[in-house]
Amino acid sequence: MDDTLLLLTAAAVALIVGLVAGWAVQSTAVRRKLTREQGFFGLPDGSECVLVTHRDSSSAHWSIPRHDALALLGLAAVIENCGAHPEVAPHDTGLQGFGARTEFCVGDPTAHRRLAAHLANLLPGVAVHPGDEAGAGRGTFTIGGTAYRMEPGAVEYVLLARLTAGEGGDRPVFLAAGQRPVTHRAAVRHLVRNRARLARKHGADGQFCLLLKVVNSQAYGPDVVELVADVTKAALTAAEPKGHRAAA
């Protein structure tokens, strides 16, 4: 009986030790994952961030277009998980310069003032066509000499970028600059779903600019997204005046 009791006691102790060790390993892994995520988004515990979006021109009061609102909801879960505090601001409200706090800038650069300023200052290699008097060509991206024109509801493009001012300690600004509201939502979904892979590839302090293509949004909404290219180098380099070719 004594030997049996000793064996049972030893087994119980071993089980408890194993459970505690497993819990500790799991907790450490979870903390490391959260730390990496906080570093990638520039959102340490208790930090502040700002989400800058359009005003809905069809509303008499300030409201956010539907797809942009859904994009911000997708970011809200990440921000909450990081323990940060968000502020939502319209694009035409005077805001401080970037770097002091993480910024998520979502919208159409032909109508979103803050986003247009970020593209001009941080991505000089990207040109966005304002459209002619009839609106033709509006929102066309030209990057590295190639023009990316949308076919509404069939093929639409959006830029997803993580940028910094280039100084250590600055918080990043994330851009989702698209040709239609559905593309903004698609870009944010891509960011949220692939944040761990993007952090591994580009580093916690790295910059990137990805060109994404939203396919058949008329039927599939923001769900079918293809990576066209990593255009970081071209987007960060001021373009030289020259002719361009159209994307296939």
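Select helices α2 and α4 and look at how they cross: the crossing is left-handed, a term used if the near helix is turned anticlockwise from the far one by less than a right angle, right-handed being the clockwise case. The model is predicted, so local features need pLDDT of at least 70 and side-chain atom pairs count only at pLDDT 80 or more, while totals for chains, interfaces and linings use all residues. Residues are numbered from 1 along each chain as its sequence is written, and side-chain values use heavy atoms, leaving out hydrogens and water.

Helix α2 covers residues 66-82 and helix α4 residues 181-193; helices are DSSP runs of H or I with at least four residues, strands are runs of E with at least two, and both are numbered from the N terminus. The two helices pack at an angle of about 15 degrees, with their axes 7 Å apart. That angle makes α2 roughly parallel to α4. Axes here are lines fitted to C-alpha atoms, for helices over the stretch in contact, and angles run from 0 to 180 degrees between N-to-C directions. Angles under 35 degrees count as roughly parallel, over 145 as roughly antiparallel, 65 to 115 as roughly perpendicular and the rest as oblique.

Next, display the side chains between them. In α2, the residues in contact (heavy atoms within 4.5 Å) include L70, L75 and V78, and their partners in α4 include V188, L191 and V192.

Now select L191. Buried means under 20% relative accessible area, exposed over 50% and partly exposed in between, with a 1.4 Å probe and protein chains only.

Continue to helix α5, residues 195-202, whose axis comes within 5 Å of that of α4 and crosses it at roughly 70 degrees. The two helices are therefore roughly perpendicular to each other. At this contact, H190, L191, V192 and R193 of α4 meet R195, R197 and L198 of α5.

Finish at N216, in the loop between β9 (208-215) and α6 (217-220). Its phi is near 50 degrees, a positive value in a residue other than glycine. Most residues other than glycine have a negative phi. At 28% relative accessibility, N216 counts as partly exposed.
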